[in-house]
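Dear colleague,

Please find the structure below.

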Amino acid sequence: MQAEDRVIHFCLELIHRPAPLKRQNLQKLYYDLSQTRAAYDNIDLNDAVQAKFHSQRGKAQSLLVFLPDRELMVEEWADIPQSTFAEKIRTACPMIMEARSVSQVVVHSVTVRSTFALTHYDDARVFLLDNACHLAGKVNPFFQRPIATGGLRFVFPETNEHAGVLHLNIESFRHSNNEVFVEVKGIFGRQPVTPDTLDVVITSLQQTRQFITDRVYPFLQQFDVPAGIV
């Protein structure tokens, strides 16, 4: 398996007490962000219960979505590194909280999606279902339909030693036969976040990403060996 994965998605979700979406405040926020490196190209305020800032660069999208009780900062088909996303968080989050008249975020979540290219398998479905899970010949007789994607799902609860609840999905990647898709969503609510304690969010981002590189990669690597060895 290729040691370097390909990150395709970042998402930060900030959850707080409900607050109305004030059009004037969001328009000012859009302008203020335009003076920074966290700028967006377009603004959509047509929906009374959802607003959106967004940019499109080829397939890549940057989104900032506002709902009554939360905001989502999303990089879809990400074309920026984690360090740039972290810098956008540092820049935008204090301004977002001020615009929403929110003093603290009670829960935040971080989602990272990436793909790993396989070395010894051409089909990630075979790699995961037949090899890792030993399901060869045990699926189709029952479902009798082709499999588009298949994989594994885990939930790891928060402990005293490990912050956050982690939701892990490992699937065959529908956009490339020989790549494994990995999604880790970390949900963190132990420590409220204020504009002065944003390092908590950056740490959550780093820990979520590190879980993929330090834990998921070696887990998958043990199965990506020539046929007959496992």
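Helices (H or I, at least four residues) and strands (E, at least two) are DSSP runs, numbered from the N terminus. This is a predicted model, in which local features need pLDDT of at least 70 and side-chain atom pairs count only at pLDDT 80 or more, while totals for chains, interfaces and linings use all residues. Residues are numbered from 1 along each chain as its sequence is written, and side-chain values use heavy atoms, with hydrogens and water left out.

Helix α1 comprises 12 residues, 23–34. From first C-alpha to last, α1 reaches 17 Å, close to the 16 Å expected at 1.5 Å a residue; the expected span is 1.5 Å times one less than the number of residues. Leu-26, Leu-29, Tyr-30 and Leu-33 of α1 are buried (under 20% relative accessible area; exposed means over 50%, partly exposed in between, with a 1.4 Å probe and protein chains only). They lie on the same side of α1 because they cover an arc of only 100° around the axis, taken from the directions from the helix axis to the C-beta atoms. The face turned away from this buried side carries the exposed residues Gln-24, Lys-28 and Tyr-31. Among the elements covering the buried residues of α1 are β2 (42–47), β3 (50–57), β4 (60–67) and α2 (82–99).

Glu-179 is buried, with a relative accessible area of 12%. Not counting residues up to four places away in sequence, Glu-179 touches Arg-6, Thr-115, Phe-116, Ala-117, Ala-124, Ser-172 and Phe-173 (heavy atoms within 4.5 Å).

Yours sincerely
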